[in-house]
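Reader: I would like to go through one structure feature by feature. Please give the general idea each time, then the case at hand.

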Amino acid sequence: MNELIEIREAQEMDTGTILEFIKELAVYEKLLHEVTADESLLKKTLFETEYAKVLIAEYDGKPAGMALYFHSYSTFLGKPGIYLEDLYVKEKYRGMGLGKQLLKKLAEICNENDFGRLEWSVLDWNKPSIDFYESLGADSQDEWIKYRVDGDTLKKLSK
């Protein structure tokens, strides 16, 4: 591993950096208009209730990327797993191995805890990310269609 790269668990003091990464990722994915998260909400959901966790990748002591994840569960395997919600590396640090080191750390967490899988989604137009994931041996799950209910539809469904 490159000695300039460090992967560590995020602390509450990293909240502003995490929000910055989220917004930069949203710009890249052309989804900034969907970001409603703010620092206070991230503090609550990441560090108080711990609904998700974040790994920070530092390069030469500077925050350079993150992996935001939460636990999933496979009924078929009877085991928990990790769902990677966001993997982000700042543009100037891409190609230096940070993304691979973040995924390696997540795989280590899975193996240390006897989890069944590590999974994530990628936008179908994001060829650089798709190529990167496939270079690591990841398989696409083309037989599954992702669904989502949110906003007013979520409220309507709950009534």
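Author: Start with helices, which here are DSSP runs of H or I with at least four residues, numbered from the N terminus. The model is predicted. In it, Lys127 and Asp131 both belong to helix α4 (residues 127-135), where they stand four residues apart, about one turn of the helix.

Reader: What do the side chains of Lys127 and Asp131 form, and how far apart are the closest N and O atoms?

Author: A salt bridge is called when a side-chain nitrogen of Lys or Arg is within 4 Å of a carboxyl oxygen of Asp or Glu. Lys127 and Asp131 form a salt bridge, with 3.0 Å between the closest N and O atoms. Asp131 has a relative accessible area of 34%, so this residue is partly exposed.

Reader: How many salt bridges does a search of the whole structure find?

Author: The search finds seven. One of them joins the side chains of Arg8 and Glu58, at 3.0 Å from N to O. This pair links distant parts of the chain, with Arg8 in strand β1 (residues 5-9) and Glu58 in strand β2, 50 residues apart. Both Arg8 and Glu58 are buried. A network of salt bridges links Arg8, Asp14 and Glu58.

Reader: Which residue forms a salt bridge with Lys90?

Author: The partner is Glu20, and the closest N and O atoms are 3.1 Å apart. Lys90 is in the loop between β4 and α3 (98-112) and Glu20 is in helix α1 (residues 15-28), so the pair ties together parts 70 residues apart in sequence.

Reader: Is Lys90 buried or exposed?

Author: Buried means under 20% relative accessible area, and exposed means over 50%. Lys90 has 16% relative accessibility and therefore counts as buried. Glu20, at 37%, counts as partly exposed.

Reader: How should I read a pocket, and what is the volume of the second largest pocket?

Author: Rolling a probe the size of a water molecule over the atoms shows where empty space is left. In this model the second largest pocket holds about 180 Å³ of space. The elements giving two or more residues to its lining are α2 (39-48) and β2 (53-59). Among the lining residues are Leu46, Phe47, Lys53 and Val54. By class, the lining divides into six nonpolar, one polar and three charged residues.

Reader: Which residues make a nonpolar surface patch?

Author: For a patch of this kind, nonpolar side chains are joined within 5 Å. Val149, Leu154 and Leu157 make one of about 280 Å². Leu154 sits in helix α5 (residues 151-157) and, at 44% relative accessibility, counts as partly exposed.

Reader: Which residues have a positive phi although they are not glycine?

Author: Lys30 has a positive phi of about 60 degrees without being a glycine. Lys30 is in the loop between α1 and α2 and counts as exposed at 59% relative accessibility. Asp60, also not a glycine, has a positive phi of about 55 degrees. Asp60 is in the loop between β2 and β3 (62-74), and 49% relative accessibility makes this residue partly exposed.

Reader: How far apart are Lys79 and Gly116 in sequence and in space?

Author: They are 37 residues apart in sequence, and 5.5 Å apart in space from C-alpha to C-alpha. Lys79 is in strand β4 (residues 79-89) and counts as partly exposed at 28% relative accessibility.

Terms used. Residues numbered from 1 in each chain as written. Predicted model: local features only at pLDDT ≥ 70, side-chain atom pairs only at ≥ 80, totals over all residues. Heavy atoms only, no water. Patch = residues over 30% accessible without salt bridge, like charges linked within 9 Å, V, L, I, M, F, W, Y side chains within 5 Å. Areas by Shrake-Rupley, 256 points an atom, 1.4 Å probe, with all protein chains shown as cover. Buried < 20%, exposed > 50% of the residue type's maximum accessible area, 1.4 Å probe, protein only. 1 Å grid on protein atoms, 1.4 Å probe; cavity = no way out; pocket = protein on both sides within 12 Å on 5 of 7 lines; lining within 4 Å. Points joined across faces, edges and corners; volume = space filled by probe spheres on them. Nonpolar A, V, L, I, M, F, W, Y, C, P; charged D, E, K, R; others polar.
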